[in-house]
Amino acid sequence: MLKICCIGAGYVGGPTMAMIAKQCPDIQVTVVDINEKRIAAWQSESLPIYEPGLDKVVQAALNRNLFFSTDVDAAIREADIVFVSVNTPTKTFGEGAGCASDLQYWELCARRIKEVSTSDKIIVEKSTLPVRTAEAMERVLHAGNRSVHFEVLSNPEFLAEGTAISDLEDPDRVLVGGRETPSGQEAIQELVDIYARWVPRERILTTNVWSAELSKLTANAFLAQRVSSINAISALCEATDANVAEVAHAIGTDQRIGSKFLRASIGFGGSCFKKDILNLVYLCETYGLHEPAEYWRQVVVMNEYQESRFVIRMLRSMFNTIAGKRIALFGFAFKADTGDTRESPAIRICRKLVEEHARVVITDPQAIENAKLEIPDLLDRVEFEEDPYAAAEGAHAIALLTEWDQFKQLDYQRIYQSMVQPAFLFDGRNMLDHDALFEMGYEVFSIGKGMKSHL
Ligand code: UDX
Ligand code: UDX
């Protein structure tokens, strides 16, 4: 029986391995993690991450051919293929701080694999890594004793949170990069054969290992760039009475541009976009490519501008003072259908509002517990409220920060009546019916459409 081990039971490792186990009952999949609580949660009724449809996939294979464990060494030793899906955060110290990837967990994994392995293995990079990491890994894995052979592949994950299950079940493409040597090609084939159980063969792309590594960074940079591009236009729309939704629709019908990823917003969040772009910037700089580095850095600069602009707009509209005013944040997750708050624009927006001495109340259908972890220093100055109606009661303003469907269904007339007048609503996701809200009496601002005011 083919045995797979995955190190890192996070947002990427957990769902990806659950899908492989579900699709391939004859392959034994063991997911390991140093975090005991996380491993216990994967084996329980309440999974450690919220992801629509994930529970069914896990249930289909759990304890059949899908196992979760903290015994990292045993799982590595037994495995034919080891996926590494540990976190690679942006470095916070030393050379490249704030830009480069912190590879310490990755290298520790490589050293562990080398130490405990007694048979040849394929090592698969799932974490997003700088280009040429595979080479460094090969050197660590093959240093000294060369009795065991390791073949390093890059198999970046393209799933998006909230849609992870359908992205895994029916991916646009699966990318497998490996060495151009016979053993490299053999390893590629072995991994391709696994995905080919459920992914059409023509959607499984194979490349050299560096192209695979760079494609992941590039894909995320392109996606983030689209968001920053439309957000840049949203500022201009507000200044000119153009409507960003209309502009996005008009340009999106051009097939060369396409309609996706053109939603103006308070900015992109999530664990990947900013980290990966900064990583790309650092890589460009490392190779002396200053202009490409600056070009990509601007995508992040634009994102930060969009967050600040939103708060300034709130402040100016509310008569230049929000001190002591109750403000309800509708949504804290970085996008809908996830409880993930990593790099959520809501974090910075919340901080800026608190700096202005606003009384912030946070409501979110899934992310309240994670939100608390993001702002530990503000817990005595911020309230959390599960019920959006209660959050808005007595508030001067609502700021809608996450596009949860639930927020569309609310009775805004009822909410209006419970708020302090004039009641402000700032739609950071452009998802509500602004004309209807204005009719109800709200002062309505939305990104790229500007302010509708009775005053
Ligand atoms: C991770 C990376 O952050 C990302 O760059 C990559 O694209 C995919 O993998 P994610 O799954 O979202 O993304 O990270 P996270 O939820 O933090 O999971 C990583 C897990 O690895 C954690 O549960 C952590 O406990 C575990 N880990 C970390 C180990 O088991 N061993 C280590 O040495 C370090
Ligand atoms: C992203 C990539 O899409 C995925 O392929 C990769 O594997 C990991 O990074 P994810 O971060 O889960 O996935 O979410 P995504 O849907 O890409 O959204 C990222 C951010 O951009 C969110 O904050 C979202 O709200 C924002 N966004 C997205 C917009 O503001 N406007 C858009 O039109 C699209």
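A polar contact is taken here as a pair of N or O atoms within 3.5 Å; within protein, one must be able to donate a hydrogen and the other to accept it, and residues adjacent in sequence count only if both atoms are side-chain atoms. By that criterion, a backbone N or O atom of Tyr 11 lies 3.0 Å from an oxygen atom of ligand 1. This is a predicted model, in which local features need pLDDT of at least 70 and side-chain atom pairs count only at pLDDT 80 or more, while totals for chains, interfaces and linings use all residues. Residues are numbered from 1 along each chain as its sequence is written, chains are lettered from A and ligands numbered from 1 in the order in which they are written, and side-chain values use heavy atoms, with hydrogens and water left out.

**Ligand 1**

- Of the 17 residues around ligand 1 (a heavy atom within 4 Å), those that come nearest are Val 12, Asp 33, Arg 38, Thr 128 and Lys 275.
- A backbone N or O atom of Ile 34 lies 3.1 Å from an oxygen atom of ligand 1, and an N or O atom in the side chain of Arg 342 is 2.9 Å from an oxygen atom of this ligand.
- On its own ligand 1 has 690 Å² of accessible area (Shrake-Rupley method, 1.4 Å probe; for residues, only the protein chains shown count as cover), and the protein covers 91% of it.

**Ligand 2**

- Around ligand 2 there are 20 residues, of which Phe 158, Glu 161, Ser 265, Phe 334 and Arg 429 come nearest.
- Taken alone, ligand 2 exposes 660 Å², of which the protein buries 94%.

**Helix 11**

- Ten of its 14 residues are buried, so helix 11 is largely enclosed by the rest of the structure; buried means under 20% relative accessible area (1.4 Å probe, protein chains only).
- Lys 275, Asp 276 and Asn 279 are among the buried residues of helix 11, and helix 9 (209-240) and helix 12 (290-317) are included in what covers the buried residues, contact meaning heavy atoms within 4.5 Å.
- Gly 288, which follows helix 11, has a positive phi near 75°.

Conventions:
Buried < 20%, exposed > 50% of the residue type's maximum accessible area, 1.4 Å probe, protein only. Helix = DSSP H or I, 4+ residues; strand = E, 2+ residues; numbered from the N terminus.
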